[in-house]
Amino acid sequence: MSDDFEKNLRDHLHSEAQETREFPRRLRGRIRDGIAPRARARMAPQIALAGALVLVAVAVLAFRNPTIISVVTTNIKQILQPSPSPTPQPFLCQDQSGGSSGLTATLTNIRPGAHAGDGYDRVVFDFSGGIPSWDLTRQESATFTRDASGQQVTLDGSAGLKLVFRDADLAGGVATDLTPRFSSIREVAQLGNFERVLSYGIGLSSSQCVRVLPLSNPSRLAIDVATSGSASTTAAPTPLPTLSPSGTDNGAFSCLDTSGGADSGLAMQLTAVRVAHQPGFDRIVFEFAPQAGGTAHMPAYTVSRQASAQFVKDPSGMPVTMRGSAGLRIVFHGASVASNYNGSRDLTPGLPVVQEVEQLGDFEAVLSWGAGLSRASCIRTLELSNPTRLVIDVQTPS
Amino acid sequence: MLMDPTLGRVIERWRAGDRDAFEEVMDRYGLQLLRTARLILRDPTLAEDAIQETFLKAWQRIGSLRDEDPGPWLTRIAMNESISLYRRRHRFQALTERFGRLGGARHELSSEARLDLTHALDQLTAEQRAAVALHYYQDLSVEETARALKVPVDTMKSRLKTALRRLRELTGSEEAFA
């Protein structure tokens, strides 16, 4: 429930906040100076002390009972002895899975290695506590979707492997992005670490067949990727499904982000948001009017495509999940919602593609909206005048 | 919670220890956090101290940030730092306020003593100001404010209601809505 007092309070807080006009340089400097080396480095003295104590304890034990040395040596050898190389497995051009569920496994290291002379590149995932359940999925592009966030990330290469570990923790210091740039394996990047599900993307120079070797002592999963021209079977790449932009009088659809307008003069006021279906596309219209003393113009805008319907509110940073499985984020600079705007700030038209359109932020002349889409779609934008309108057409399946 | 792809890459670099990436995050969220801290602490120097501590802790604890936008995470740290700092600096005042409350009913303010909003906000507790700042300045919902301050939603509703009633009383605005 909002009333004049609350409106006054809100205005007052914004006015007080504006007294802090910038993030002070001295504060930035203090923070920069305060950044010590990462925790691992700061632990070095403690680790050294712990190591020294262990050595002293072993020495005392050995002095009291010399036979323990041979026992310890034997056990250490058994622990450190890698498992014998398994019988060579064939390279397979298919998705694979394995591992054990219910473990308390921790990923401790990732090690890429080139074995060009043997016809493959290798990346090894080291674990403590056994090899957890894993799934390896091949894909015909190096673009992956991050877990939890849904954002897209494109790795080096033109094909990829997605490796997912379940019931696995991540030890500190494990690299999140490796770029070995081998003949086949180009990049290995973490895609997610959420609720004990670890996922990694492996960017490949081309679509290749894969051999997976679970090894023990220490527990590790080796992923071998055949190199081009090797004797290993090479999978024929399957073309990715693409949306064919349909040319119209209003211009072609594009599967790229788009921007335009200009952040100049007084901020424009958003007066209406409309959504409707037209043959071949769903249309979203943002209508603006100049404020008193200002001139009509299209505010600066960017329309960004994304692979999920999850958004973040501006400026709070709080998450919003809209209907659909993909989205558009529309951000205007030099615009705000008109004080007399009486339209909905959360439309759910349920059109073929546009499922929801919701305001995400209106703060310091930065106005942002999101659109939840039923599928990733190409778009086109039109800038219209009298009144000033930004039209976003979202292509629908033919 | 979603990051735009550019921010996602910045966070990945920060995780890998890249200080430039960390400073990019500071650029993005620093001013907003500083303004909010100042609304709570009522003192620009203390607000800077709180935000300095916020970013230093964030740098050290980046491992605890899941694959999510760092905004709410930083806000939680900043709120914690601001309220803790306020409590440390105002222990004596808090004590006298507590005794004051035990001493009897709150005095009604005469019209001459009615305060403007700035001074009325000074009279709230740090927790109330944090709630007011997040809800009315950052435009967080009650649920989001409760999450940021780590209290139950009902507690937050009650806290906001109490803060608002106190502000109305201090500014004499309750008469208009009686």
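Colleague: Which residue stands opposite A:Gly361 in E24(A)?
Modeller: A:Ser368 does. This is a predicted model, in which local features need pLDDT of at least 70, side-chain atom pairs count only at pLDDT 80 or more, and totals for chains, interfaces and linings use all residues. Residues are numbered from 1 along each chain as its sequence is written, while chains are lettered from A and ligands numbered from 1 in the order in which they are written.

Colleague: What makes strand E23 and strand E24 of chain A a pair?
Modeller: Eight bridges join E23(A) (residues 354-363) and E24(A) (residues 366-373), in the antiparallel sense. Strands pair if DSSP finds at least two bridges between them, so these two qualify. Strands here are DSSP runs (E, at least two residues), and helices are runs of H or I (at least four), numbered from the N terminus.

Colleague: How do you know that E9(A) and strand E10 of chain A pair?
Modeller: They share two bridges, in the antiparallel sense. The rule asks for at least two, so they pair. A:Asp177 stands opposite A:Ala189 of E10(A).

Colleague: What makes strand E26 of chain A mostly covered?
Modeller: Six of the eight residues of E26(A) (388-395) are buried. Buried means that 20 or more other C-beta atoms, placed from the backbone, lie within 10 Å of the residue's own; exposed means 12 or fewer, and partly exposed is in between.

Colleague: Which strands pair with E26(A)?
Modeller: Strand E16 (residues 281-290) of chain A pairs with E26(A) over eight antiparallel bridges. A:Asp282 stands opposite A:Val394 there. Strand E25 (residues 379-384) of chain A pairs with E26(A) over six bridges, also antiparallel. A:Thr381 has A:Ile392 as its bridge partner. Three residues separate the strands in the hairpin of E25(A) and E26(A), where A:Asn386 takes a positive phi near 50 degrees.

Colleague: How many residues of chain B are in contact with chain A?
Modeller: 47 residues of chain B are in contact with 46 of chain A. Contact means C-beta atoms, placed from the backbone, within 7 Å. H2(B) gives the largest share of chain B's side, nine residues.

Colleague: What is the largest nonpolar core?
Modeller: It has 54 residues, and B:Ala37, B:Ile40 and B:Ala133 are among those with the most contacts inside it. H2(B) gives the most to this core, 10 residues. The name means a set of buried Ala, Val, Leu, Ile, Met, Phe, Trp, Tyr and Cys residues joined through C-beta atoms within 7 Å.

Colleague: What is B:Ala133 in contact with, leaving aside its neighbours within four places in sequence?
Modeller: A:Leu13, B:Thr36, B:Leu39, B:Ile40 and B:Gln138. Another core lies apart from the largest one, with 37 residues, including A:Phe281 and A:Trp369.

Colleague: How many helices and strands does chain A have?
Modeller: Five helices and 26 strands. Buried residues make up 35% of its 398 residues.

Methods: Contact = placed C-beta atoms within 7 Å.
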